[in-house]
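Try each task before reading its solution.

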Amino acid sequence: MEKRNYQREMEAEIAGMEGRRPTLLLHSCCGPCSSAVLERLTEHFRVTLLYYNPNIEPEEEYLHRLSEQERLLSLLPEEVPMLPCGYDHETFEAFAPALADAPEGGERCLACFAMRLNYTAEQAKEHGFEYFTTTLSVSPHKNADNVNRIGEEAGKRYGVKYLFADFKKKNGYLRSLELSREYELYRQDYCGCGYSMQKH
């Protein structure tokens with residue numbers, strides 16, 4: 001079976017918009033990852049950012065990453081509003097301990113992706129966005145097939161169009177490193193949850 005090219009699918013979707021800039025809710029895992037994604041998307045969409053990451057611990061780390069996300073948005077040439085949401089670590093803890101022994105990138109991570117993307121899709125539906133997507137695929141440590149499959153399922157569940165993407169393509173990850181240096185962004189050294197911290 002031929003491997004899907006999500007970058008090509010995104011480009012085809014954008015071409016079909018014929019210059020129209022629809023609304024898009026972008027789930028962001030952190031400022032550094034969102035930097036290159038925002039640069040790519042704001043040309044074609046009216047983007048609002050959602051920083052929903054109940055997996056991150058401790059809370060001080062969550063707030064530090066949130067502060068860096070907000071600082072990045074304040075420095076961008078085009079205004080990108082943020083949809084507010086609070087720290088909701090209990091939602092992650094409701095399922096994560098049962099998957100404590102899962103390897104990084106395994107079932108616990110997939111459940112974490114689903115938690116975040118389902119919430120993003122729900123918020124996109126509630127607030128009337130035409131599309132939603134996530135920055136998760138910009139990371140070389142995240143499997144784009146898994147991210148996009150879960151995003152597609154969430155979109156169908158809530159009736160909002162999911163934008164397929166693989167933001168690491170076309171040097172997206174390298175561009176995020178460049179922009180992180182340019183904006184002097186804090187780059188964390190673990191994904192977010194305590195399990196990833198232990199295995200770092």
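The largest cavity has a volume of about 90 Å³, where volume is the space filled by probe spheres set on grid points joined across faces, edges and corners. This is a predicted model, in which local features need pLDDT of at least 70, side-chain atom pairs count only at pLDDT 80 or more, and totals for chains, interfaces and linings use all residues. Residues are numbered from 1 along each chain as its sequence is written, and side-chain values use heavy atoms, without hydrogens and water.

**Exercise 1.** Find which residues line the largest cavity, and sort them by class.

*Solution.* Start with the term: a cavity is a set of points on a 1 Å grid over the protein atoms alone where a 1.4 Å probe fits but cannot get out, and lining residues have an atom within 4 Å of a point. Next, list the lining, which includes Phe92, Glu104, Arg108, Cys109 and Lys142. Then sort: 6 are nonpolar, 2 polar and 4 charged. Finally, locate the largest share: 5 residues come from helix 5 (residues 107–127).

**Exercise 2.** Work out where Lys170 lies and whether Lys170 is buried or exposed.

*Solution.* Lys170 has 61% relative accessibility, so it counts as exposed (over 50%, with a 1.4 Å probe and protein chains only).

**Exercise 3.** Find the residue that a cis peptide bond joins to Glu57.

*Solution.* The partner is Pro58, with omega about -5°. Pro58 sits in the loop between strand 2 (46–50) and helix 3 (59–75).

Technical notes
Helix = DSSP H or I, 4+ residues; strand = E, 2+ residues; numbered from the N terminus. Buried < 20%, exposed > 50% of the residue type's maximum accessible area, 1.4 Å probe, protein only. 1 Å grid on protein atoms, 1.4 Å probe; cavity = no way out; pocket = protein on both sides within 12 Å on 5 of 7 lines; lining within 4 Å. Nonpolar A, V, L, I, M, F, W, Y, C, P; charged D, E, K, R; others polar.
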